[in-house]
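Try each task first, then compare your steps with the solution.

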Amino acid sequence: MTIPALAIEARVLLLMPTSQDAARTCDLLRESGLDGFECTDIHSVCRELAAGAGAILLTDETIAEDGAELLTSALENQPSWSDVPLIVLSREGASRSKLSFREPVNVTLIERPVRMHTLISVIKSALRARNRQYEVRDNLIERQVAAESAAAERERLRITLASIGDAVISTDADGKVTFLNGVAQRLTGWSQTEANGRHLSEIFRIVNEHTRQLVENPALRALQKGVIVGLANHTILISRDGAERPIDDSAAPIRDGSGNQVGAVLVFRDVTERKRSEEAQARLAAIVESSDDAIISKSLDGVIRTWNAGAERLFGYSSTEAIGQPITLILPPERLVEEREILNRLRRGERVDHFETVRLAKGGRTLNVSLTISPIRDAGGRVVGASKVARDITSRTQIEADLRRSEERYRTLFDFMGQAFCVIEMLYDDCDQPVDYRFLEVNPAFEVHTGLKDAVGRTMRELVPDHDAHWFEIYDRVASTGRSVRFVSEAKALGRWYDVSAYRPGGPNSRRVAVLFTDITERKRAEDSLRDADRRKDEFIALLAHELRNPLAPIRNGLQVLQLGANNVTAIDQARSMMERQLGHMVRLIDDLLDVSRIGRNKMELRRSRVSVADILDSALETARPLIDAGGHGLMVSLSPEPIFLDADLTRLAQVFGNLLSNSAKYTPHGGDIWISAERRGNEAVISVRDDGIGIPNESLDSIFDMFSQVDRSIERSTGGLGIGLALVKGLVEMHGGSVSAESPGSGRGSTFTVRLPALEHQNGHDLRHTHCAEPPKCDVGRRFLVVDDNRDSATSMAMMLKLVGNDVRTANDGLEAVEASEQFRPQVILMDVGMPKLNGYEATRRIREERWGKSIVIIALTGWGQEGDRAQSRDAGCNGHLVKPVSFSDLEDLLSKLTDGPAGLK
Ligand code: ADP
């Protein structure tokens, strides 16, 4: 601190009775080398003194007396060092001066008349005195400035210590506390006033963090040894309230200017944060080390800086091998560009996240890795390197590839499978009621099964506004319960039936439902029609039973008539013809049934030959005539004059027209009319059977040719049919390459059935039928017949018949018996049933044929089966002929006459 230079005043202030006195005195002083300054009055003197001007005051007693009060105040207000000398000129000697001051004042009285020399000498000595006062003043000021500067210095130190981050405690030479800064107060819990004068060991208590033993106080050690004591590690400071904090501390002795030890200063800091961050860092390091991922850091020029255990495992290089090497160590050469790009991004401070690429392990093995690379910055925020986390995704990549493949497989399956598939998301209203659903995914079959195009992203209501609400409810149940359902339901709005499986593909909160479904409308229809057919079949069986039983009653009655009326020839004759009629009816029914079943199974065989339509119709009329006559109907036949020839099975076509004519007879009320006409139209023979009967309702026309179809099925209205006649007609006509149709103007207005058949080219031939005319069978003497049938009645009745006409007849009831009887009886003809127990007819025939005596016997097979295959089978077994049961006497007669080359000898 510099001391301001203060004025040293040498002027003599003059306060004289007159200004002439003052001027004269000034002159005199000047002559002695002194400086005088004239003051006009006492006020002026006071002002000059207050401003520090003038070294002494020279005045006259008279003036001084008047202003003594004022002057005393002015002198009192002077600084302490100042004692302004006052020289007063008196008139009557100093001892008698009346001048008096309240306070002691430095006054020198000089009696008038004054000798100049004396005055000058007094003034000079007063000036000297004043000069000494100035010296005192300067001295004082100098000391004051020095004190102020020392105080300021102390204050700065205090502020410094108070404001530094570290805690500071100072002690005196005895180790007693003299100062604690704020941090020290906070950490120890002691305030400056409380701590002052106490021993440091009381204020500053430290223990070792591991052993909890008291640790030697560094400040006291510094005091003792007079040396600086450095940092002690693992020290815990226990504050006054018991709180513990890890600290770092150091202490130094304090010496005075002469090097004497006057105390010690202790500096310490709370290292909780640092410890924490050190621990965190250690933990981090441990994590890095123990991570399964490879964690590597590198400098910006691509040099590897750190290499954790994960990196060792993944890449196969130890950390010593890797650190310091360029990162290209693990880079496949073709990926160098990629690394440059990554480095560029890092320099820009960007991060690379989950970048999937390929790296090389030691030995050149390639690895699929996912990289996350972040820039490393220095304290100034500058990017100085990069940390790289590499995760091995080789197996993940494999799994993903597998997954993709499997997904593709499923996708292909979904794309190509015939079943429709969709994933839907349920939509709810405010009350959480399911109101609609949106299609998220559909497969191509979806459109086929629903007819809905571009469904994805749209809702069911958008696509089909009136879609049935119960479907939403079903799907909602699946979505809310997670239980899969399978159901069959009709989507009325789509007009289709579906077989549906629905399940929830997601977790409990998923509102999605996966639906797999098939349009089963066709199947449903087929099932319905199957059910219908089944119902018709049941009805048919009931009808069949009824129809078969009907003829049985008259037959049984007939038998009783034969028994009772043995002598009544008319009755017997009537009964016999009635029984024959009923039997014929039954046989026809069964034949029709078998035929229709054969057509259905494609087993029907046609025996085609060139036949005329006229012959066919003749034959048909033969069959139908009894019914037409019984109905009292008129019959009109109109044939084209030119004969029409067909390549056809006469019997079968006769059956066709016989059926149509019989129907007309049946379905026309008594006394109606029936027309039959045939003509050639182009290459076709068109044959119609018309009646004026009950007609056919329009709605039945389509189905009339179906199996079991009858317009009125009620038993009461039954006319003795099974509803298969027209099916047989249709089947037989179609087998001949023709067609049949029915027309009717309506109920009660008659019907017309029209058959069209391919006709043969017109030829000038004649009806072949007339060229072939069998000789009427001639009767001969009886023969030996063996009748073999396991049905004893059949065997017995046939034997009776043959005996009645004069033959010698035996019977056998199984194959073995047949062989035995043959051997003993040596029959000429054997009527051999085929299906028999023990030995069937074919086997028995074979055995008989093996015998010498058996070769010439005429063996005729009798079976229910009349197909060509059946006939061939009996031929193979060695039979000469084959007759289908029930055998009529005339058929047997015809066959025998053929086989025995002469009269059959039956009658
Ligand atoms: P069935 O005569 O044994 O009932 P069909 O197959 O011959 O069986 O005939 C089927 C049905 O067609 C008959 O039940 C009858 O209702 C009707 N039908 C057949 N022919 C005629 C016809 N000429 N006039 C009226 N209805 C007929």
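## Exercise 1: a loop aspartate

Aspartate 293 sits in the loop that links helix H10 (272-290) to strand E12 (294-299). Helices (H or I, at least four residues) and strands (E, at least two) are DSSP runs, numbered from the N terminus. This is a predicted model, in which local features need pLDDT of at least 70 and side-chain atom pairs count only at pLDDT 80 or more, while totals for chains, interfaces and linings use all residues. Residues are numbered from 1 along each chain as its sequence is written, and side-chain values use heavy atoms, with hydrogens and water left out.

**Task.** Is aspartate 293 buried or exposed, and which residues is it in contact with, leaving aside neighbours within four places in sequence?

**Solution.** 
- Step 1: Buried means under 20% relative accessible area, exposed over 50%, and partly exposed in between (1.4 Å probe, protein chains only).
- Step 2: apply them. Aspartate 293 has a relative accessible area of 15%, so it is buried.
- Step 3: list the contacts (heavy atoms within 4.5 Å). Beyond its neighbours within four places in sequence, aspartate 293 meets Asn308, Gly310, Ala311, Val389, Ala390 and Arg391.

## Exercise 2: the sheet that includes E12

**Task.** In what order do the five strands of this open sheet stand, and why is one side of strand E13 and of strand E14 left without a neighbour in the sheet?

**Solution.** 
- Step 1: the order is E13-E12-E16-E15-E14, with antiparallel pairing. Two strands count as paired if DSSP finds at least two bridges between them.
- Step 2: strand E13 (304-307) and strand E14 (352-360) are at the edges and have a single partner strand each, so one side of each lacks a neighbour in the sheet.
- Step 3: on average, neighbouring strands of this sheet are turned by 30 degrees against each other, direction ignored. Axes here are lines fitted to C-alpha atoms, for helices over the stretch in contact, and angles run from 0 to 180 degrees between N-to-C directions.
- Step 4: helix H13 (residues 336-347) packs on the sheet and touches E12, E14, E15 and strand E16 (383-392); its direction makes about 150 degrees with that of E14.
- Step 5: E14 and strand E15 (residues 366-377) run antiparallel, joined by seven bridges. Arginine 359 stands opposite leucine 367 in E15.

## Exercise 3: parallel or antiparallel?

**Task.** In which sense does strand E25 pair with strand E23, and in which sense with strand E26?

**Solution.** 
- Step 1: strands of a sheet pair through backbone hydrogen bonds, either parallel or antiparallel.
- Step 2: strand E23 (residues 634-639) and strand E25 (residues 673-681) are parallel, over six bridges. The bridge partner of methionine 636 is tryptophan 675 in E25.
- Step 3: E25 and strand E26 (residues 684-691) are antiparallel, over eight bridges. Glutamate 679 stands opposite valine 686 in E26.
- Step 4: the hairpin of E25 and E26 has two residues between the strands, and glycine 682 takes a positive phi near 60 degrees there.

## Exercise 4: a loop tryptophan

**Task.** Is tryptophan 865 buried or exposed, and which residues does it touch, not counting those up to four places away in sequence?

**Solution.** 
- Step 1: tryptophan 865 lies in the loop between strand E32 (858-863) and helix H26 (868-877).
- Step 2: tryptophan 865 is exposed because its relative accessible area is 55%.
- Step 3: not counting residues up to four places away in sequence, tryptophan 865 touches Asp870, His882 and Val884.
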